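Please look over the model below before reading on. The notes that follow take one residue as a starting point, then the interface, then the chain.

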2 protein chains.
Amino acid sequence: MRDLTEKTITTEKIYEGKIISVQVDQVKLPNGERGKRELVKHPGAVGVIAITPDNKLVLVRQFRKPLEKTILEIPAGKLEPDEDPQTCAFRELAEETGYQADSMNHVVSYYTSPGFANEIIHLYEAKGLTTGSMQPDSDEFVELVELSLSECNERIASGEICDAKTVTAVYLWQMREWKDR
Amino acid sequence: MRDLTEKTITTEKIYEGKIISVQVDQVKLPNGERGKRELVKHPGAVGVIAITPDNKLVLVRQFRKPLEKTILEIPAGKLEPDEDPQTCAFRELAEETGYQADSMNHVVSYYTSPGFANEIIHLYEAKGLTTGSMQPDSDEFVELVELSLSECNERIASGEICDAKTVTAVYLWQMREWKDR
């Protein structure tokens, strides 16, 4: 195994926002030459796979400004400073959908865009759902939608389900159905 | 269905880089109030699921500066201006791994981080692999690794496979194995 590490020579801070910060690093490449890396820092996030007693996936319909469209996603949200991901998963599920969960089990964590961003998303599966009332953030506008597995697969085909964490959630559900046959 | 659209009031350009650009939009929220959205623009990318005749997934070992670590990913790369995603998939597979493919079939496309970025990744499955020679970009340093399905699942558990597109690729492979039993 070669050492492929890129050592930082300089860091230029570009932007410090509410959610992301941006910097450009000059690095020393493995061949000794210099390279430039554009980096987005993000606090990380959780996504919650919640399946109702009548076997439907809990989704939220939400406008996403970067895409300029409204899409269907599993409940999700970014980590507050020092927040435990599991605590965040309970919180986001309740805020966005009103559902309370008895337990929240970690499924997988992954980086969404390792080429330019350090965002990691932790996927959890909620168990033992009971209904409550939604309390989204003041600048967050979401609608609750519940779909069967076949409806979810149709929404992937139509493009209304079109983000990494939600596609992963549907695939995990589909995998389990096929595994358990 | 409520109209959840957030209309742009102003756009402030923050950064125009080689790969990403960054802007902050002031928006009119569905309740009439103002909000701020931090947006990263990205040209989009492809990822290639390539399984060898001896039933191993083709991966590349690569240092990722945003994560400050070396990880295992499926071959991938960003779209050149006006490049067709399928053409990009053939190109990136060949450049990063040396493999040529007879055909390249679209599997799914998704946004990696719809909360702050417009990056879309198109996943393709390569068929009819033949070996050639690697020609990575001048600032790209990658090592070829080929792993069985069980090895891939182990690497997800150990965290060496830890990005959205590669986890998706392994899940798709696992799904097909279970579906076809």
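1. B:Arg37 lies in strand 3 of chain B, residues 34-41. Strands (E, at least two residues) and helices (H or I, at least four) are DSSP runs, numbered from the N terminus. The model is predicted; local features need pLDDT of at least 70, side-chain atom pairs count only at pLDDT 80 or more, and totals for chains, interfaces and linings use all residues. Residues are numbered from 1 along each chain as its sequence is written, chains are lettered from A and ligands numbered from 1 in the order written, and side-chain values use heavy atoms, with hydrogens and water left out.

2. Is B:Arg37 buried or exposed? B:Arg37 counts as buried because its relative accessibility is 16%. The cut-offs are under 20% relative accessible area for buried, over 50% for exposed and partly exposed in between (1.4 Å probe, protein chains only).

3. What does the side chain of B:Arg37 pair with? It makes a polar contact with the side chain of B:Glu6, at 2.9 Å. A polar contact is a pair of N or O atoms within 3.5 Å; within protein, one must be able to donate a hydrogen and the other to accept it, and residues adjacent in sequence count only if both atoms are side-chain atoms.

4. Beyond its neighbours within four places in sequence, B:Arg37 is in contact (heavy atoms within 4.5 Å) with residues including A:Lys65, A:Asp139 and B:Gln23.

5. Now the interface. In chain A, 68 residues are in contact with 68 residues of chain B. The two chains bury about 6200 Å² between them, 66% of it on carbon and sulfur atoms. Buried area here is the accessible area (1.4 Å probe) that two parts lose on being put together, summed over both.

6. Two salt bridges link chain A and chain B. B:Arg2 forms a salt bridge with A:Glu143, with the closest N and O atoms 4.0 Å apart. The criterion is a side-chain nitrogen of Lys or Arg within 4 Å of a carboxyl oxygen of Asp or Glu.

7. Between the chains, 28 residue pairs are in polar contact, both at pLDDT 80 or more. Helix 3 of chain A supplies the largest share of the side of chain A that touches chain B, 10 residues.

8. On confidence: chain A has a mean pLDDT of 95, and 100% of its residues reach 70 or more. pLDDT is the predictor's confidence in each residue, from 0 to 100. For the complex, the predictor gives an ipTM of 0.96 and a pTM of 0.96.
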